[in-house]
Amino acid sequence: PLIPGLVLLDLAVLILLGELWPGFAGRWGGAFFLAGLSLPFWGIYLADRLNWWSLIPAGVLATLGALAALSPEAQGARSGGLFFLGLGATFLVVWLAPTAAGRQRWAVWPAGVLLVMGALLATPFGTLANLVFPAALVLAGAFLLFRAFRPRAG
């Protein structure tokens with residue numbers, strides 16, 4: 001019931017704000033709605049820590065809301081990097097969040113990769129990433145092939 005209830009409340013508040021403050025919906029409506037869509041998922045986690053999975057859609061929707069809040073000038077090439085930084089932060093929260101079953105240790109890997117990608121894409125080093133990522137993938141593939149076909153002792 002949290003999801004449909006809070007989504008409908010989010011929509012109702014957005015409509016009310018649009019009526020009371022007409023310029024709000026045009027500039028901030030999308031950001032407000034997307035960020036509001038994350039609220040039920042935060043609530044699902046807070047209601048029961050076993051529902052750690054809900055942190056992922058909560059973080060993704062909050063990230064999209066934050067990106068929609070950026071000015072149109074800022075939504076250019078660097079916004080892809082900011083998106084990856086937001087996704088990385090989401091998985092960092094999943095890794096850090098206490099659950100009844102313990103930490104989700106696997107989440108540190110996508111968090112690290114997404115944060116590095118976001119940092120590269122959100123900075124002037126984004127063009128360097130176009131060269132480094134393919135080279136890193138080729139080297140990683142060569143290493144895996146080498147390990148798979150090397151003679152084993154024993």
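S38 lies in helix α2; helices here are DSSP runs (H or I) of at least four residues, numbered from the N terminus. The model is predicted, so local features need pLDDT of at least 70 and side-chain atom pairs count only at pLDDT 80 or more, while totals for chains, interfaces and linings use all residues. Residues are numbered from 1 along each chain as its sequence is written, and side-chain values use heavy atoms, without hydrogens and water.

S38 has a relative accessible area of 3% and is therefore buried (under 20%; exposed is over 50%, partly exposed in between; 1.4 Å probe, protein chains only). S38 touches A58, L61 and A62, leaving aside residues up to four places away in sequence. Contact here means heavy atoms within 4.5 Å. The C-alpha atoms of S38 and L6 are separated by 9.2 Å. These two residues are 32 residues apart along the chain.

T99 sits in the loop between α4 (78-96) and α5 (108-121). Its relative accessibility is 13%, so T99 counts as buried. Beyond residues up to four places away in sequence, T99 touches Y45, R49, W52 and Q104.

W21 is placed in the loop between α1 (2-20) and α2 (22-47). W21 counts as exposed because its relative accessibility is 51%. Together with L16 and L20, W21 makes a nonpolar surface patch of about 380 Å². Nonpolar side chains (Val, Leu, Ile, Met, Phe, Trp, Tyr) are joined within 5 Å, like charges within 9 Å. Accessible areas come from the Shrake-Rupley method with a 1.4 Å probe; for residues, only the protein chains shown count as cover.

Notes. Patches are made of residues with over 30% relative accessible area and no salt bridge: like charges are joined within 9 Å, nonpolar side chains (Val, Leu, Ile, Met, Phe, Trp, Tyr) within 5 Å. A salt bridge is a side-chain nitrogen of Lys or Arg within 4 Å of a carboxyl oxygen of Asp or Glu. Helices (H or I, at least four residues) and strands (E, at least two) are DSSP runs, numbered from the N terminus.
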